[in-house]
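Please examine the model shown here.

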Amino acid sequence: MATIYIGGVGKADLKRLLEQRRDPTLTVVVSNDLEAGQLLKRRSDAYYIGTCHTGAGGSLGALMAFLGRQRCHTFGRQARVSVEDVQKLLAAGIRAFGVSVDQINAIVPVLVEAIQTYQPPRT
């Protein structure tokens, strides 16, 4: 079961898209970057998707402060991303993602699928 906190200027569109999945194993929490940053710092089983016009600074500013730059990734205006690409980011410890509002429909379904199917390496 995945918990994803969402925020930013496109959070209404993001929420609508994720609710269309009707997935009982996905918990979506509308939040803001300050609240989510504090929660993600304490929880290792949650993720954040922030949206802004570029997918960079505004969507992840507070998360970078709480988690560190090494735990955040921006997709910006990147047009293509695969489940495998995202799972490599997850394996590297990335838990907060920035997406530009015009890329929500292209990036977020792949991002959520990758989060839900990710199996951390066994140590």
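Helix 1 (residues 11–19) packs against helix 5 at an angle of about 50 degrees, and their axes are 11 Å apart. Helix 1 is therefore oblique to helix 5, where angles under 35 degrees count as roughly parallel, over 145 as roughly antiparallel, 65 to 115 as roughly perpendicular and the rest as oblique. This is a predicted model, in which local features need pLDDT of at least 70 and side-chain atom pairs count only at pLDDT 80 or more, while totals for chains, interfaces and linings use all residues. Residues are numbered from 1 along each chain as its sequence is written, and side-chain values use heavy atoms, with hydrogens and water left out.

**Helix 1 and helix 5**

- The crossing of helix 1 and helix 5 is right-handed (the near helix is turned clockwise from the far one by less than a right angle; anticlockwise is left-handed).
- Helix 1 contributes D13, L14, L17 and L18 to the contact, and helix 5 contributes I104, N105, V108, P109 and V112 (contact means heavy atoms within 4.5 Å).
- By class, this contact of helix 1 with helix 5 has seven nonpolar, one polar and one charged residues (Ala, Val, Leu, Ile, Met, Phe, Trp, Tyr, Cys and Pro are nonpolar, Asp, Glu, Lys and Arg charged, and the others, Gly among them, polar).
- Helices are DSSP runs (H or I, at least four residues), numbered from the N terminus; axes are lines fitted to C-alpha atoms over the stretch in contact, and angles run from 0 to 180 degrees between N-to-C directions.

**Helix 4 and helix 5**

- Helix 4 (residues 83–91) and helix 5 (residues 104–117) have axes 9 Å apart and pack at an angle of about 55 degrees.
- These two helices, helix 4 and helix 5, are therefore oblique to each other, and their crossing is right-handed.
- V83, V86, Q87 and L90 of helix 4 meet V110, L111, E113, A114, I115 and T117 of helix 5.

**Helix 2 and helix 3**

- Helix 2 (residues 33–42) and helix 3 (residues 57–67) cross at roughly 35 degrees, and their axes come within 9 Å.
- The crossing of helix 2 and helix 3 is right-handed.

**Largest pocket**

- M1, A2, T25, D45, Y47, I115, Q116, Y118 and P120 line the largest pocket (on a 1 Å grid over the protein atoms alone, a pocket is an open set of points where a 1.4 Å probe fits, with protein on both sides within 12 Å along at least five of seven lines; lining residues have an atom within 4 Å of a point).
- The lining of the largest pocket divides into six nonpolar, two polar and one charged residues.
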